[in-house]
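Hi,

Here is the model I said I would pass on.

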Amino acid sequence: MLLEFTEGAKMALKRLLEEHDPEPGQVIRMVTGIQGEHHLTFGALEPDDQVLEHEGVIVLVVKERISSHMCEHHPGATLDVEETEEEEDTSFGCLLSLDAA
């Protein structure tokens, strides 16, 4: 199963990638923390990643097992951007929200 993302989320991730200018080979990666929370960090592309592209650029990767788990527990949900007044200062951990279909 693949996670679904809104166009707004894709555009925000691309902008975030451009603003942070990661090292070559680094991409934005969704990971799961110790308590099951999801957050974003930089990391290398791995063979079992779900790859999200926007305008020909890889903007996010998610391990297949994380994607499947999220789809199983939130069927029909779409990941979207949470806009805030402090958009430029938004941390990776606050960028995406899960909206039920």
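Let me start with E55, which is exposed at a relative accessible area of 60% (exposed means over 50%, buried under 20%, partly exposed in between, with a 1.4 Å probe and protein chains only). E55 is not a glycine, yet its phi is positive, about 55°. You'll find E55 in the loop between strand 4 (49–54) and strand 5 (57–63); helices (H or I, at least four residues) and strands (E, at least two) are DSSP runs, numbered from the N terminus.

D21 is another one to look at: a non-glycine with a positive phi of about 40°. D21 sits in the loop between helix 1 (7–20) and strand 2 (26–32), and its relative accessibility of 63% makes it exposed. As background, most residues other than glycine have a negative phi.

Before you dig in: this is a predicted model, where local features need pLDDT of at least 70 and side-chain atom pairs count only at pLDDT 80 or more, while totals for chains, interfaces and linings use all residues. Residues are numbered from 1 along each chain as its sequence is written, and side-chain values use heavy atoms, with hydrogens and water left out.

Now the whole chain. It has 2 helices and 7 strands, in the order β-α-β-β-β-β-α-β-β from the N terminus. Of its 101 residues, 38% are buried. Taking contacts (heavy atoms within 4.5 Å) between residues at least 6 apart in sequence, 52% join residues at least 24 apart. The accessible surface is about 6300 Å², and carbon and sulfur atoms account for 50% of that (Shrake-Rupley method, 1.4 Å probe; for residues, only the protein chains shown count as cover).

Cheers
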